[in-house]
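Dear colleague,

I am handing over the structure below, and I would ask you to keep it open while you read. My notes on what was found in it follow.

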Amino acid sequence: MMKDKKAKLFVWAQPRSRSTAALRCLSNRHDVKGFFEPYFYVAISGKPEDRLHNHFIDSGIVDEDYNLTKQLVYNTIEERHKDHHVVVKEFAFTLNGDYTLIPNDASHVILIRHPFASVSSSTKMAQEKMNIAFNKVEEDQASGKLLSGNEALLDLYRYLKNTKKQVVVIDSNDLILKPGEVIQFMCSFSGLPYDSSMLMWTALPSGTFPQNWWTAKSLYQMIEHCSAFADVGASQVLVHHLTIHIISLDWLQISKKPD
(Lines give C-alpha, C1' and ligand atoms only; values in the text may rest on other atoms or scores of the structure.)
Protein backbone atom coordinates (compact mmCIF):
# COMPACT_ATOMS: atom_id res chain seq x y z
CA MET A 1 0.00 0.00 0.00
CA MET A 2 1.35 3.46 -0.93
CA LYS A 3 2.63 5.51 1.96
CA ASP A 4 0.27 8.43 1.31
CA LYS A 5 -2.84 6.25 1.12
CA LYS A 6 -4.92 6.25 4.29
CA ALA A 7 -6.18 2.96 5.70
CA LYS A 8 -9.91 2.41 6.16
CA LEU A 9 -10.59 -0.62 8.35
CA PHE A 10 -13.92 -1.95 9.62
CA VAL A 11 -13.85 -4.36 12.57
CA TRP A 12 -17.15 -6.27 12.56
CA ALA A 13 -17.78 -8.12 15.76
CA GLN A 14 -20.05 -10.25 17.85
CA PRO A 15 -21.02 -8.52 21.11
CA ARG A 16 -18.39 -8.98 23.83
CA SER A 17 -15.72 -10.27 21.44
CA ARG A 18 -12.99 -7.93 22.75
CA SER A 19 -13.58 -5.58 19.82
CA THR A 20 -13.40 -2.47 22.02
CA ALA A 21 -9.90 -3.47 23.11
CA ALA A 22 -8.99 -4.05 19.47
CA LEU A 23 -10.26 -0.56 18.57
CA ARG A 24 -8.30 0.98 21.46
CA CYS A 25 -5.12 -0.58 20.06
CA LEU A 26 -5.74 0.14 16.38
CA SER A 27 -6.68 3.78 17.02
CA ASN A 28 -3.91 4.43 19.54
CA ARG A 29 -2.05 6.75 17.15
CA HIS A 30 -2.28 10.49 16.44
CA ASP A 31 -3.02 9.86 12.75
CA VAL A 32 -5.99 7.52 13.30
CA LYS A 33 -9.66 8.39 13.84
CA GLY A 34 -11.68 5.70 15.61
CA PHE A 35 -15.43 5.16 15.31
CA PHE A 36 -17.09 3.30 18.18
CA GLU A 37 -20.36 1.63 17.06
CA PRO A 38 -21.66 4.61 15.06
CA TYR A 39 -24.34 2.67 13.16
CA PHE A 40 -25.41 0.98 16.37
CA TYR A 41 -26.06 4.36 17.94
CA VAL A 42 -28.20 5.35 14.95
CA ALA A 43 -30.08 2.04 15.26
CA ILE A 44 -31.02 2.70 18.89
CA SER A 45 -31.53 6.47 18.99
CA GLY A 46 -31.40 8.05 15.52
CA LYS A 47 -33.98 9.18 13.02
CA PRO A 48 -37.04 6.88 13.25
CA GLU A 49 -36.68 5.43 9.74
CA ASP A 50 -33.08 4.40 10.54
CA ARG A 51 -33.92 3.01 13.98
CA LEU A 52 -34.23 -0.72 14.67
CA HIS A 53 -36.23 -0.37 17.89
CA ASN A 54 -37.09 2.07 20.70
CA HIS A 55 -35.98 -0.05 23.67
CA PHE A 56 -33.00 2.10 24.67
CA ILE A 57 -34.98 5.31 24.29
CA ASP A 58 -37.96 3.99 26.25
CA SER A 59 -35.58 2.76 28.98
CA GLY A 60 -33.93 6.16 29.28
CA ILE A 61 -30.50 4.78 28.34
CA VAL A 62 -30.15 7.05 25.29
CA ASP A 63 -31.81 10.24 24.08
CA GLU A 64 -33.70 10.42 20.81
CA ASP A 65 -31.78 12.28 18.09
CA TYR A 66 -33.71 13.08 14.90
CA ASN A 67 -30.58 14.57 13.30
CA LEU A 68 -28.63 11.33 13.52
CA THR A 69 -28.86 9.17 10.38
CA LYS A 70 -26.97 6.31 8.78
CA GLN A 71 -26.05 8.59 5.89
CA LEU A 72 -24.54 11.11 8.33
CA VAL A 73 -22.36 8.36 9.79
CA TYR A 74 -21.24 7.24 6.33
CA ASN A 75 -20.42 10.81 5.31
CA THR A 76 -18.50 11.45 8.54
CA ILE A 77 -16.38 8.32 8.04
CA GLU A 78 -15.55 9.43 4.50
CA GLU A 79 -14.79 13.01 5.63
CA ARG A 80 -12.44 11.91 8.42
CA HIS A 81 -10.71 9.51 6.00
CA LYS A 82 -9.49 12.40 3.84
CA ASP A 83 -6.77 13.29 6.36
CA HIS A 84 -6.57 10.30 8.70
CA HIS A 85 -6.52 6.55 8.83
CA VAL A 86 -9.95 5.36 9.96
CA VAL A 87 -10.92 2.35 12.06
CA VAL A 88 -14.61 1.57 12.61
CA LYS A 89 -15.83 -0.93 15.21
CA GLU A 90 -19.37 -2.09 14.51
CA PHE A 91 -22.01 -4.86 14.61
CA ALA A 92 -23.32 -6.28 11.33
CA PHE A 93 -26.97 -6.34 12.43
CA THR A 94 -27.02 -2.53 12.71
CA LEU A 95 -26.89 -2.27 8.90
CA ASN A 96 -30.13 -4.22 8.59
CA GLY A 97 -28.82 -5.65 5.32
CA ASP A 98 -28.06 -2.26 3.74
CA TYR A 99 -24.53 -2.81 2.48
CA THR A 100 -24.47 0.49 0.60
CA LEU A 101 -23.40 1.89 3.99
CA ILE A 102 -20.02 0.16 3.60
CA PRO A 103 -17.38 2.13 1.66
CA ASN A 104 -16.09 0.19 -1.35
CA ASP A 105 -12.44 0.82 -0.53
CA ALA A 106 -12.50 -0.48 3.06
CA SER A 107 -10.74 -3.54 4.46
CA HIS A 108 -12.65 -5.76 6.86
CA VAL A 109 -11.82 -7.85 9.92
CA ILE A 110 -14.56 -10.05 11.36
CA LEU A 111 -13.84 -10.73 15.03
CA ILE A 112 -15.61 -13.81 16.40
CA ARG A 113 -16.07 -15.46 19.77
CA HIS A 114 -17.85 -18.67 20.75
CA PRO A 115 -21.57 -17.81 20.99
CA PHE A 116 -21.92 -19.24 24.51
CA ALA A 117 -19.19 -16.93 25.82
CA SER A 118 -20.48 -13.96 23.81
CA VAL A 119 -24.08 -14.35 25.01
CA SER A 120 -23.13 -14.98 28.65
CA SER A 121 -20.88 -11.92 28.74
CA SER A 122 -23.51 -9.74 27.01
CA THR A 123 -26.30 -10.54 29.46
CA LYS A 124 -23.91 -9.98 32.37
CA MET A 125 -22.91 -6.57 30.98
CA ALA A 126 -26.57 -5.60 30.52
CA GLN A 127 -27.25 -6.41 34.15
CA GLU A 128 -24.16 -4.69 35.56
CA LYS A 129 -23.78 -1.59 33.33
CA MET A 130 -27.34 -0.93 32.21
CA ASN A 131 -29.18 -2.17 35.29
CA ILE A 132 -31.29 -4.47 33.11
CA ALA A 133 -32.53 -7.37 35.22
CA PHE A 134 -33.50 -10.49 33.28
CA ASN A 135 -35.80 -13.26 34.41
CA LYS A 136 -35.25 -16.65 32.78
CA VAL A 137 -37.66 -16.02 29.90
CA GLU A 138 -36.22 -12.56 29.19
CA GLU A 139 -32.68 -13.94 29.32
CA ASP A 140 -33.59 -16.61 26.77
CA GLN A 141 -35.17 -13.94 24.54
CA ALA A 142 -32.08 -11.74 24.82
CA SER A 143 -29.85 -14.70 23.99
CA GLY A 144 -31.95 -15.43 20.92
CA LYS A 145 -31.55 -11.86 19.68
CA LEU A 146 -27.80 -12.01 20.21
CA LEU A 147 -27.58 -15.28 18.30
CA SER A 148 -29.62 -13.79 15.46
CA GLY A 149 -26.91 -11.13 15.28
CA ASN A 150 -24.52 -13.92 14.34
CA GLU A 151 -26.67 -14.60 11.27
CA ALA A 152 -26.26 -10.97 10.22
CA LEU A 153 -22.51 -11.32 10.68
CA LEU A 154 -22.49 -14.42 8.50
CA ASP A 155 -24.58 -12.70 5.82
CA LEU A 156 -22.12 -9.79 5.85
CA TYR A 157 -19.18 -12.17 5.51
CA ARG A 158 -20.79 -13.84 2.49
CA TYR A 159 -21.48 -10.45 0.91
CA LEU A 160 -17.88 -9.31 1.40
CA LYS A 161 -16.53 -12.55 -0.07
CA ASN A 162 -18.96 -12.58 -3.00
CA THR A 163 -18.13 -8.98 -3.90
CA LYS A 164 -14.38 -9.63 -3.66
CA LYS A 165 -13.81 -7.27 -0.73
CA GLN A 166 -10.70 -7.61 1.41
CA VAL A 167 -11.87 -9.56 4.47
CA VAL A 168 -10.35 -11.86 7.07
CA VAL A 169 -11.86 -13.55 10.11
CA ILE A 170 -10.05 -13.73 13.46
CA ASP A 171 -10.96 -15.63 16.60
CA SER A 172 -10.86 -13.13 19.48
CA ASN A 173 -9.16 -15.74 21.65
CA ASP A 174 -6.10 -15.17 19.45
CA LEU A 175 -6.31 -11.47 20.32
CA ILE A 176 -6.12 -12.34 24.02
CA LEU A 177 -3.36 -14.92 23.64
CA LYS A 178 -1.21 -13.01 21.12
CA PRO A 179 -2.27 -9.35 21.14
CA GLY A 180 0.90 -8.00 19.58
CA GLU A 181 0.84 -10.51 16.78
CA VAL A 182 -2.85 -10.07 16.00
CA ILE A 183 -2.80 -6.25 16.04
CA GLN A 184 0.31 -6.24 13.87
CA PHE A 185 -1.45 -8.57 11.44
CA MET A 186 -4.55 -6.33 11.32
CA CYS A 187 -2.34 -3.33 10.57
CA SER A 188 -0.43 -5.11 7.83
CA PHE A 189 -3.66 -6.46 6.36
CA SER A 190 -5.33 -3.04 6.17
CA GLY A 191 -2.34 -0.77 5.51
CA LEU A 192 -2.48 0.83 8.94
CA PRO A 193 0.95 1.82 10.34
CA TYR A 194 1.99 -0.31 13.31
CA ASP A 195 4.20 0.23 16.30
CA SER A 196 4.28 -1.66 19.59
CA SER A 197 3.14 1.37 21.62
CA MET A 198 -0.36 0.86 20.16
CA LEU A 199 -0.75 -2.02 22.62
CA MET A 200 -0.14 0.13 25.69
CA TRP A 201 -2.93 2.30 27.11
CA THR A 202 -4.71 2.81 30.38
CA ALA A 203 -8.37 2.58 31.31
CA LEU A 204 -10.22 5.88 30.97
CA PRO A 205 -11.83 7.78 33.85
CA SER A 206 -15.57 7.36 34.14
CA GLY A 207 -17.53 9.47 31.65
CA THR A 208 -14.69 9.93 29.14
CA PHE A 209 -13.53 8.36 25.91
CA PRO A 210 -10.47 8.66 23.60
CA GLN A 211 -10.33 12.13 22.09
CA ASN A 212 -9.76 10.79 18.57
CA TRP A 213 -12.96 8.70 18.66
CA TRP A 214 -16.36 9.46 17.18
CA THR A 215 -19.00 8.05 19.49
CA ALA A 216 -22.02 8.95 21.60
CA LYS A 217 -21.81 10.19 25.18
CA SER A 218 -24.43 7.66 26.26
CA LEU A 219 -22.07 4.87 25.13
CA TYR A 220 -19.18 6.03 27.36
CA GLN A 221 -20.09 3.44 29.97
CA MET A 222 -19.34 0.70 27.44
CA ILE A 223 -15.79 1.98 27.06
CA GLU A 224 -14.65 2.82 30.60
CA HIS A 225 -12.60 0.25 32.50
CA CYS A 226 -11.39 -1.27 29.22
CA SER A 227 -7.74 -2.00 30.03
CA ALA A 228 -4.74 -2.94 27.92
CA PHE A 229 -3.60 -6.53 27.57
CA ALA A 230 -1.82 -7.90 30.62
CA ASP A 231 1.26 -9.39 28.96
CA VAL A 232 2.29 -7.54 25.82
CA GLY A 233 5.88 -8.72 25.95
CA ALA A 234 4.99 -12.39 25.63
CA SER A 235 3.05 -11.73 22.45
CA GLN A 236 5.93 -10.63 20.22
CA VAL A 237 5.89 -13.57 17.81
CA LEU A 238 6.36 -13.63 14.03
CA VAL A 239 3.14 -12.69 12.24
CA HIS A 240 3.18 -15.64 9.84
CA HIS A 241 2.76 -18.04 12.79
CA LEU A 242 -0.72 -16.65 13.52
CA THR A 243 -3.66 -18.98 12.98
CA ILE A 244 -6.65 -17.21 11.43
CA HIS A 245 -9.87 -19.05 12.27
CA ILE A 246 -12.22 -18.85 9.29
CA ILE A 247 -15.91 -18.43 10.00
CA SER A 248 -18.42 -21.19 9.21
CA LEU A 249 -22.19 -21.54 9.42
CA ASP A 250 -21.98 -24.47 11.85
CA TRP A 251 -19.62 -22.57 14.16
CA LEU A 252 -21.79 -19.49 14.33
CA GLN A 253 -24.95 -21.43 15.04
CA ILE A 254 -23.57 -23.12 18.16
CA SER A 255 -25.82 -22.02 21.02
CA LYS A 256 -24.96 -24.46 23.80
CA LYS A 257 -22.03 -24.57 26.16
CA PRO A 258 -19.06 -26.41 24.62
CA ASP A 259 -18.21 -29.80 26.08
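Are Phe-36 and Trp-213 buried or exposed? Both Phe-36 and Trp-213 are buried, where buried stands for under 20% relative accessible area, exposed for over 50% and partly exposed for what lies in between, with a 1.4 Å probe and protein chains only.

Before going further, please note that this is a predicted model, in which local features need pLDDT of at least 70 and side-chain atom pairs count only at pLDDT 80 or more, while totals for chains, interfaces and linings use all residues. Residues are numbered from 1 along each chain as its sequence is written, and side-chain values use heavy atoms, with hydrogens and water left out.

A search of the whole structure finds eight aromatic pairs; rings of Phe, Tyr and Trp (its six-membered ring) pair if their centres lie within 6.5 Å, and planes under 30 degrees apart count as stacked, over 60 as edge-to-face and the rest as tilted. Phe-36 and Trp-213 have ring centres 5.6 Å apart and planes at 10 degrees, so this pair is stacked. Because Phe-36 lies in strand β2 (residues 32–36) and Trp-213 in strand β6, the pair ties together parts that are 177 residues apart in sequence. Strands (E, at least two residues) and helices (H or I, at least four) are DSSP runs, numbered from the N terminus.

Phe-185 and Phe-189 form another stacked aromatic pair, with 6.2 Å from centre to centre and 10 degrees between the planes. Both of them lie in helix α8, four residues apart, which is about one turn of the helix, and both Phe-185 and Phe-189 are buried.

Helix α8 (residues 179–190) also meets helix α1 (residues 19–26): their axes come within 11 Å and cross at roughly 65 degrees, the axes being lines fitted to C-alpha atoms over the stretch in contact, with angles that run from 0 to 180 degrees between N-to-C directions. In this contact (heavy atoms within 4.5 Å), Ala-22, Cys-25 and Leu-26 of α1 meet Ile-183, Met-186 and Cys-187 of α8.

Turning to the strands, six of them form an open sheet with parallel pairing, in the order β5-β4-β1-β3-β2-β6, where two strands pair if DSSP finds at least two bridges between them. The edge strands, each pairing on one side only, are β5 (166–171) and β6 (213–214). Strand β4 (residues 107–112) runs parallel to β5 and is joined to it by six bridges, and Leu-111 stands opposite Ile-170 in β5.
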